[in-house]
Amino acid sequence: MDEESDTGQCLETLRFHEGTVYSIDVFFADDYNIASAGFERAKTGASSKRVAPEDSRNSRPITLLSGSHDQTISIATVRKISQPYGLSIQASRTHTLKGHTSDVYALEVLPEACTTGSTSKLGHFISAGDYTVQTWDLETQLPNSILSGHTGYVSCIKVRGKRAFSGSWDTTIRSWNLETGKPMHVFKGQHANIVNCIDVTTSDLFSGSWDQTIVQWSRATGDAVQSFRGHTDGVQCLQVYNECLVSGSMDKTLRIWSISTGKTVRVIKGHTGGIECLHVVDDVCFTGSYDKTMRCFDLETGECLLVYQGHTDGIYCLKYFDGLLFSGSGDKSIRVWDASFLQKQVPAVGMKGPLCCCISDSTR
């Protein structure tokens, strides 16, 4: 571990799967109208969107979704408990869903606005595995719809409004109307290998591939707008953040790109293995790697603020939520880490204003 970097605290290790954990998403159950047994709601203040961090023994229950190589989706309830010595976690699995016939590579909770008044059509979350995309209703614990069209494994998904986007081993990205279940468009002809990751804005789609490139597509026309080139191995993860694009690669680096110019703004190093997943929050980027660690980088300076150690295999997915960091690994476990420093607004983190992609090129 870097001598200058602090070590992140693991609060709990969860073992809900019999295979690699490839995908994670989390949400507050009381933000959604889920009436079935097994989904805890906060006993007080259910209408409140947020509570002060770590201020109550009765915190809002968090629902954790995870997908695995074992072809299942696990649903668990996680609750933060404030103790005299610090933060602790209580977690229990409530449901196991089966529907995919291969690894569940991706899943995402549908936006709250989509479920209000139309849950019967859209369901509560979407998952990808085998050659299909599936929408799920958490009350019935069954798929609402199965979206077919890809000719290879579906490796990534992203939801924007009532549209879903999926990237595949068949080198294409498809868009879907979640209300009708019908395919909308196929984005193709640019990638020469598996599409590993995507992100979507109101106007554009971004896709990263094993071919080492990132492509920006117009949602309106389906045409490629530009390509981002600089990684020297497969692009495994990406996220649009303000006017920037942040990407992680098997070349062990994190890159920040200016979307307006398509140029690299900064290259951040630190991992000793390929970067498989990332999540950008408040100008810091959490990354997970095949080197079995996670890191937290300051995107303005490139400094590694924290190193999270404990997994015994590569880390394939992570998600920051409400002061916690969730990670899934090839060691078949999910770990929950203390990331409350973001809520406490440490002066060095999250207080500098939005990340600017006009800073000078520091790639050399």
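Reader: Okay, what lies over the face of F28?
Author: That's R60, at 4.0 Å from the ring centre. A charge sits over a ring if NZ of Lys or CZ of Arg is within 6 Å of the ring centre and within 35 degrees of the ring normal.

Reader: Before I go on, what kind of model is this?
Author: It's a predicted model, in which local features need pLDDT of at least 70, side-chain atom pairs count only at pLDDT 80 or more, and totals for chains, interfaces and linings use all residues. Residues are numbered from 1 along each chain as its sequence is written, and side-chain values use heavy atoms, with hydrogens and water left out.

Reader: What's the average pLDDT here?
Author: The protein averages 87, and 83% of the residues score at least 70. pLDDT is the predictor's confidence in each residue, from 0 to 100.

Reader: And where does it stay under 50?
Author: One such stretch is residues 43-57, with 25 contacts beyond four places in sequence. Residues 359-364 also stay under 50, and there the model has 12 such contacts. A contact means heavy atoms within 4.5 Å. Where pLDDT is low, the predicted coordinates should not be read in detail.

Reader: Got it. How many helices and strands are there?
Author: Two helices and 29 strands. Those are DSSP runs numbered from the N terminus: helices are H or I with at least four residues, strands are E with at least two.

Reader: How much of it is buried?
Author: Of the 364 residues, 59% count as buried. Buried means under 20% relative accessible area, exposed means over 50%, and partly exposed is in between (1.4 Å probe, protein chains only).

Reader: Is C237 buried or exposed?
Author: C237 counts as buried, at 6% relative accessibility.

Reader: What about aromatic pairs, how many?
Author: The structure holds 15. One of them is Y290 with Y316, an edge-to-face pair at 5.5 Å centre to centre and 90° between the planes. Rings of Phe, Tyr and Trp (its six-membered ring) pair if their centres lie within 6.5 Å; planes under 30 degrees apart count as stacked, over 60 as edge-to-face and the rest as tilted.

Reader: Where do Y290 and Y316 lie in the chain?
Author: Y290 is in the loop between strand 24 (284-289) and strand 25 (293-298), and Y316 is in strand 27 (residues 315-321), so the pair links distant parts of the chain, 26 residues apart. Y290 is partly exposed at 29%, while Y316 is buried at 19%.

Reader: And which parts does the pair of Y308 and W337 tie together?
Author: Y308 lies in strand 26 (residues 304-309) and W337 in strand 29 (residues 334-338), so this pair ties together parts that are 29 residues apart in sequence. The rings are edge-to-face, 5.4 Å centre to centre with 80° between the planes. Both residues count as buried: Y308 at 0% and W337 at 1%.

Reader: Last one: where is A220?
Author: A220 sits in the loop between strand 17 (213-218) and strand 18 (224-229), and it's exposed, with a relative accessible area of 76%.
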